[in-house]
2 protein chains.
Amino acid sequence: MKDGYVFARGATDNKGQILSHILGIQETIEEHHELPVNLHLVIEGEEEIGSANLGSFLKQNRGALKCDVAVVSDTGMVARGVPTLSYGLRGVTALEVKVTGPKMDLHSGVFGGAVANPITALAQLLATLHDREGRVAIAGFYDRVKPLEDWEREAWRKLPVDGDKLILEETGAPELFGEAGYNSMERIWARPTAEINGIGGGYQGQGTKTVIASHAIAKLTFRLVPDQSGDEILELAKAHLQKNLPKGVTIEITMGHSGPWYLTDPHSSLGEAAQRALRKAFNRDVALIREGGSIPIVSEFREILGIETLLMGLALPDCRAHSPNENFEGGIRLNKAILQELAH
Amino acid sequence: MKDGYVFARGATDNKGQILSHILGIQETIEEHHELPVNLHLVIEGEEEIGSANLGSFLKQNRGALKCDVAVVSDTGMVARGVPTLSYGLRGVTALEVKVTGPKMDLHSGVFGGAVANPITALAQLLATLHDREGRVAIAGFYDRVKPLEDWEREAWRKLPVDGDKLILEETGAPELFGEAGYNSMERIWARPTAEINGIGGGYQGQGTKTVIASHAIAKLTFRLVPDQSGDEILELAKAHLQKNLPKGVTIEITMGHSGPWYLTDPHSSLGEAAQRALRKAFNRDVALIREGGSIPIVSEFREILGIETLLMGLALPDCRAHSPNENFEGGIRLNKAILQELAH
């Protein structure tokens, strides 16, 4: 293994992570007068607007960026001081629904009762997306979902963190709720979802307006897990929405873009190198986890550059409240350690 | 019967109706040199902002406004040239629902799957308001609803108008939809409804935002028919919403104001006088109908002044497109005729 590859995300909240990459490299050079691996350092500033140019940059510089592995620090530690290797991410795909009834907004006194209300129809339609136990009710939705491996469920149960408690504290939700048969971490890290991210129709201002809206919209995203295909899920969702459309309205569905899930083997030789570096930097057992969010570029690394990515993040679960030096210094140690480990 | 009472609504689209009142009175005075009945003429300009001061005006002037009957022209003709007496109106009552989950908007990758989505919960909740046949599914909702009288259904079926066709043309809805067992006119004129007038939550802008909203709201109104009570319907709706609330969210319900339904006997001596005047003015059989909208002041006339109201409107079903002189002149003839008929 000769070529390492460091990729640091440009999001504002990751400035410390970027700096820990750079300082880890700098200290390595100071101590050893050279780097143990070749290194490409890529820093982008467009993550928050969808990384529109990074993929084409990778394609255009495929030759120059040739390497063996990527290291990305845009993930989190499962708990303060616990070195964490994230070996999976969920993907995401998006869809917008517009339900239309009358050609214009109507007076609910003059017409109410004789024509379908598009908001009511949309609510009825969206209510068919899940059963009451939190399971997505779209036919075929789970067909390609890879079951959790026994070792994963086992490892996650032993993590030094109370996932349920953490989520309740962080979100302030009145209670936990999700797919029956899974705990919170399993739900977030390894199970797909159908979320309604936005809904709108009719009068939303102060007071009352007795209107039957002409139309109503909803914005949906689906979090994807191995081995679901974003395009296939969109087709299944579209068929479901069309099939379950209530009477008296029409539907328009706009398909969005898909970002794929990611899953790599934490027990591969690269994964083991990452685990050794993490253990060295933090002097504790390494947590092997997945994450619920999406980092589409990781799949582009795999597709375009043909490499796996080691997700060794430093964000703490409560990072909104703290940005402790201890973690930043751990990050520098980690970056030094992974350079050495990848050279073996 | 000595005191007539003319009440003309001040809405912009009723200027012609107000003028037909005034010209009818003027021509009567010119022809007979006196009015056959005493007359109070009340014109208000606040209908579009809820007629906030009219009720208290009636209370303060109860003595001065003492009379036998009110005549209101804020209703419509069932078809061009068909004299129409509206003997019933629906009432209306309002309610707002807010469903809350997490204390702030969440990232759907980081938390999606482990907490309830308030928009999803709201959609599921609103979907319980109706069955798939258009019937309101709130327990007790229809308990006090007075069934349509046989003579009403019979009379409405014979009206010289195709209600279904008219509603499809006017609304542009893809098809008719409403409570099973009733035709469009019956649904609008004599059956109660639960309408969602507005819904909102999460991201409604362009593109996608992978957010789990902290909360979502819906604005509901219920059209009321005899003998429903607005306050009772609100209590039943509140109980229904609380009982059917999905897991993982909390609910806040804000009750709005109620305007009562109205029903008077078109075959009373006053109703017969109105029918004679209508027949005289338009030289055709009089259509006896109800209307689906609400004119709360009509109930205030009954409560505060102790009088019934004759709803003899001149608006045409297609009044947005036309404002023909023929109807305006008919209105003048009608106002002259009703003054004479009420004097008998």
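Which residues line the second largest cavity? In this predicted model, the lining is made up of A:H21, A:V71, A:S73, A:M312, A:L314, A:L334, A:N335 and A:I338. The second largest cavity holds about 50 Å³ of space. By class, its lining divides into 5 nonpolar residues, 3 polar residues and no charged ones. Helix 11 of chain A, residues 325–343, gives the most to this lining, with 3 residues.

**Cavities**

The count of cavities of 30 Å³ or more comes to 5. In the largest cavity there is about 260 Å³ of space. It is lined by 23 residues, and the closest to its centre are A:V115, B:H130, B:G134, B:F177 and B:G178. Two elements give two or more residues to the lining of the largest cavity: helix 4 (118–126) of chain A and strand 7 (193–202) of chain B. The lining of the largest cavity has 8 nonpolar, 8 polar and 7 charged residues, whereas the lining of the second largest cavity has no charged residues.

**A buried serine in chain B**

B:S73 sits in the loop of chain B that runs between strand 3 (69–72) and strand 4 (84–89). Is B:S73 buried or exposed? The relative accessibility of B:S73 is 3%, and because buried means under 20%, B:S73 counts as buried. The side chain of B:S73 makes a polar contact of 2.9 Å with the side chain of B:H21.

**Helix 9 of chain B and the residue after it**

Helix 9 of chain B covers residues 269–282, which is 14 residues. At 1.5 Å a residue the helix should span 20 Å, and its end C-alpha atoms are 20 Å apart, so the two values agree. Buried residues in this helix are B:L270, B:G271, B:A273, B:A274, B:Q275, B:A277, B:L278, B:A281 and B:F282.

Just after helix 9 of chain B comes B:N283, with a positive phi of about 55 degrees. B:N283 lies in the loop between helix 9 and strand 12 (287–291) of chain B. With a relative accessibility of 69%, B:N283 counts as exposed, since exposed means over 50%.

**Backbone exceptions**

Most residues other than glycine have a negative phi, and most peptide bonds are trans. The table gives residues and bonds that depart from this pattern.

| Residue or bond | Feature | Angle |
|---|---|---|
| A:P226 and A:D227 | cis peptide bond | omega about 0 degrees |
| B:P226 and B:D227 | cis peptide bond | omega about -5 degrees |
| B:H33 | positive phi, not glycine | phi near 60 degrees |

In chain A, A:D227 is in the loop between strand 9 (215–224) and helix 8 (230–243). In chain B, B:D227 is in the loop between strand 9 (215–224) and helix 8 (230–243).

Where is B:H33 found? B:H33 is in the loop of chain B between helix 1 (15–32) and strand 2 (41–43). The relative accessibility of B:H33 is 70%, so B:H33 counts as exposed. B:N283, at 69% relative accessibility, is also exposed.

Methods
Residues are numbered from 1 along each chain as its sequence is written. Chains are lettered from A and ligands numbered from 1 in the order in which they are written. This is a predicted model: local features need pLDDT of at least 70, side-chain atom pairs count only at pLDDT 80 or more; totals for chains, interfaces and linings use all residues. Side-chain values use heavy atoms; hydrogens and water are left out. Helices (H or I, at least four residues) and strands (E, at least two) are DSSP runs, numbered from the N terminus. Buried means under 20% relative accessible area, exposed over 50%, partly exposed in between (1.4 Å probe, protein chains only). A polar contact is a pair of N or O atoms within 3.5 Å; within protein, one must be able to donate a hydrogen and the other to accept it, and residues adjacent in sequence count only if both atoms are side-chain atoms. On a 1 Å grid over the protein atoms alone, a cavity is a set of points where a 1.4 Å probe fits but cannot get out, and a pocket is an open set with protein on both sides within 12 Å along at least five of seven lines; lining residues have an atom within 4 Å of a point. Grid points are joined across faces, edges and corners, and a volume is the space filled by probe spheres set on the points. Ala, Val, Leu, Ile, Met, Phe, Trp, Tyr, Cys and Pro count as nonpolar, Asp, Glu, Lys and Arg as charged, and the others, Gly among them, as polar. The expected span of a helix is 1.5 Å times one less than its number of residues.
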